[in-house]
Structure formats: C-alpha cells, structure tokens
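Here are some notes for a colleague who is opening this structure for the first time.

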Amino acid sequence: MTCVEPKPLFRTRQSRASLAGERAIRARAMLADCRLCEHNCGVNRLTGETGLCHAGADSRFFSAQVEVSDELELIPVFAVALSGCDLRCDFCITGASSWNPRAGAGFVAWEMAERANAALQDGARTIMVLGGEPTIHLPSALELVSLLPESARLIWKTNAHGTAQARELLEGMFDVWLADFKFGNNACAQRLAKASDYVRIVQENLLWADAHGELIVRHLLMPGHAECCWRPVAEWLAEHMPGVKVNLRAGFWPAWHARRHAELQLPTSPVENDFAFGLARELGLNLIP
Amino acid sequence: MKHRTTNKIAKSSATKVVSEILILADGKILAHNITPEMARVLTDLNPKDEAMSRRGQRENNFKHELPN
C-alpha cells in the first residue's frame with residue numbers, strides 16, 4: 001500500500017523572479033546539448049563547442065540604453081542587446097555586433113539589473129531583452145529576469161526561431177513577445193538569412209506566443225519583397241491571428257551585407273510602402289505605430 | 001585583425017549611448033536605436049514629423065506615467 005501525501009488545496013504562486021532563477025539553472029545545463037534554437041546543433045557550449053551561432057557559455061552585450069524607437073505603447077524602453085544571433089540576415093541593421101557573440105562587453109546579470117532598475121526609476125516603461133537573438137542566451141536572460149522587480153514590464157524581442165524547449169523555459173517570464181516575421185517564404189529566408197524551414201518555425205512560435213501571453217508581430221518591409229514576403233505574412237496573420245498587433249516597418253536601411261543582394265541596395269519606394277499598408281488595411285490587420 | 005576592430009567598436013557601444021542615422025539623397029532621414037536625446041534632435045530638425053514628435057512627447061511624459 002502506498003501512502004500518498006495529499007496535495008495542498010492552495011499553493012502559493014511562485015514569483016516570477018524565483019521561477020526565473022530556477023529556470024536559469026536549467027537553461028544553463030541545457031547548453032551541454034544546445035537546442036535552444038531550431039538549428040538544433042546539439043553542441044556542448046559548456047565545454048567550448050559552438051554551433052551555427054558561434055555563442056559560447058557566457059553572454060556579452062553590445063548595447064544597453066533607453067530608446068524610443070520601438071512601439072509607442074512600449075517606449076521609453078531600456079533595451080539590452082545581447083551579442084550573437086542564430087540567423088544570418090544579410091540586411092541586419094546591427095550586423096557586426098549581432099553576428100558576433102564576442103562583440104561588446106561581458107554580461108553580468110546583477111550589474112545589468114541595477115542599470116535596468118535605475119532606468120525604471122528614471123521613467124522607462126519597459127525593459128526589453130533583444131539581440132542579436134536573446135534565445136541563444138536564455139540562461140543569461142533568465143538570470144536577469146530573476147533580479148528584476150515583479151512589477152517591471154518585460155519585453156522579449158525575438159526572431160521567433162526558438163525551439164519548444166526554449167519556449168517552455170520562457171513561459172510566464174516576459175509580459176510581451178515582440179516577434180519578427182521577416183520572410184513570407186522559405187526561399188527568401190534561405191537566401192537572405194541562411195534559415196531552413198523558416199516559415200513553419202516562425203508560425204509555430206507565433207501561435208505559441210499568442211496563446212501564452214501578449215504578442216506583437218513585426219515585419220520589416222524589404223524592397224522587392226512586398227509580394228513574396230509581406231503578402232503571405234499579412235495573409236497568414238489575418239487568417240490565423242486576427243486582431244494580433246502588427247507593426248509594419250517601412251524604414252528599410254540597406255545595411256551590413258545588403259549590397260550582396262541586388263534588390264536590397266535601396267530603401268523601399270513610396271509605391272511599395274503604399275501597397276504594403278494598403279494590403280494591411282484591406283486584410284483588416286491591427287496595425288500599431 | 002578584423003575581429004579586434006569590430007570588438008573594439010562594439011565594446012565602446014556597450015558602455016556608451018548610441019543612435020545611428022542615415023540621410024538619404026532626397027533629404028529623408030532614417031534612424032535606429034533612437035535615444036530620447038536623438039528623438040529631440042530629429043523633432044527639432046522636422047517639427048512636422050508627427051511620428052517622431054509623439055516619440056519625443058512619450059519621453060517627456062514618462063515620469064508621470066510610472067510607477068505602477
């Protein structure tokens with residue numbers, strides 16, 4: 001006969017900070033067989049092996065400052081940009097630092113938490129963790145969350161290329177997922193960002209994020225990609241996530257390795273911008289500034 | 001050697017406040033990582049830019065919107 005201890009009827013809800021601390025430890029252990037992003041490299045980052053993102057066990061950051069360039073409902077935001085990324089978008093606006101996990105300064109969670117708290121006290125509305133891509137630095141991101149006040153509104157800015165394992169650790173940690181849906185088809189994703197099976201992966205992440213919290217989807221309109229990328233993204237959002245907040249960004253900047261691609265040499269034209277926003281209105285998307 | 005240069009630049013941006021702007025041939029200005037200070041400069045340059053003006057205002061008002 002087995003005696004089972006009855007479960008308490010009321011369990012105290014664990015604080016976000018406490019949960020984040022526990023998950024940070026789990027996330028760090030997962031670096032021994034890293035499958036945080038959908039490249040699923042399976043390398044042991046704890047022993048110095050690196051996968052496609054080239055990130056090791058420790059994180060670095062290349063920017064940490066108050067900014068007002070994100071969505072109006074989020075700004076002013078204290079934005080912490082971690083170095084390194086699992087995608088290789090040739091038009092990346094911060095390519096030199098985003099592609100290089102050794103860029104910037106060493107990330108020390110308690111020091112960053114102090115800076116974030118100071119920014120909150122000075123009036124920042126939100127704290128945003130971004131990259132590069134923060135998913136590849138999940139242990140550090142969770143360590144930071146464990147040191148932030150419960151009342152802080154936290155934003156997870158991601159390329160939506162994470163795995164279910166990563167999402168499990170992220171559940172309940174951030175108030176808003178700010179997720180990119182960059183490419184409307186796998187061919188463009190492969191050619192411009194070296195990403196395979198991109199559309200399925202991003203859609204899976206977006207559906208999860210929408211079901212588990214607040215989601216804002218971003219799309220950077222690229223010159224020459226209104227039909228092949230924006231239209232399928234817009235149509236999918238309209239069909240599968242009606243009402244989701246969408247930020248269509250028309251300020252394409254031919255940065256980093258954009259010159260490798262003939263169509264990415266210039267900003268988008270007024271005609272393309274008009275088409276893109278017209279399509280959004282036609283499909284009834286919930287555009288936000 | 002190239003790596004060292006890149007790291008040096010990036011390291012300095014980790015400890016400094018950085019915004020970048022791109023001025024196009026037609027006079028249009030693109031900006032990213034816009035700090036409150038840069039928002040004020042851009043608003044001064046083009047007071048008719050409502051979008052930037054709202055960002056500047058957001059920054060001016062935020063102390064009254066917190067804390068919660």
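1. A salt bridge here is a side-chain nitrogen of Lys or Arg within 4 Å of a carboxyl oxygen of Asp or Glu. Please keep in mind throughout that the model is predicted. By that cut-off Glu133(A), although buried, has no salt bridge, and the nearest side chain of opposite charge, that of Lys157(A), is 6.3 Å away.

2. Where does Glu133(A) lie? Glu133(A) is found in the loop of chain A that runs between strand S4 (126-130) and helix H4 (138-145). Its side chain is joined to that of Thr158(A) by a polar contact of 2.8 Å, and the residues that Glu133(A) touches, leaving aside those up to four places away in sequence, include Leu82(A), Asp86(A) and Asn159(A).

3. Helix H4(A) is mostly covered, with seven of its eight residues buried, among them Leu138(A), Pro139(A) and Val145(A). The cover over these buried residues includes helix H1 (16-30), helix H3 (109-121), S4, strand S5 (153-158) and helix H5 (164-170) of chain A.

4. The contact between the chains takes 36 residues from chain A and 31 residues from chain B. The area buried between chain A and chain B is about 2,700 Å², and carbon and sulfur atoms give 58% of that area. Between the two chains there are zero salt bridges, while six residue pairs are in polar contact, counting those with both residues at pLDDT 80 or more. On the side of chain A that touches chain B, strand S1 (60-67), helix H2 (95-98) and H3 each give two or more residues, and S1(A) supplies the largest share, six residues. By class, that side of chain A has 18 nonpolar, 10 polar and eight charged residues.

Key
Residues numbered from 1 in each chain as written. Chains lettered and ligands numbered in written order. Predicted model: local features only at pLDDT ≥ 70, side-chain atom pairs only at ≥ 80, totals over all residues. Heavy atoms only, no water. Helix = DSSP H or I, 4+ residues; strand = E, 2+ residues; numbered from the N terminus. Buried < 20%, exposed > 50% of the residue type's maximum accessible area, 1.4 Å probe, protein only. Lys, Arg positive; Asp, Glu negative; His and termini not counted. Polar contact = N/O pair within 3.5 Å; in protein donor to acceptor, adjacent residues only side chain to side chain. Contact = heavy atoms within 4.5 Å. Buried area = accessible area lost by both parts, 1.4 Å probe. Nonpolar A, V, L, I, M, F, W, Y, C, P; charged D, E, K, R; others polar.
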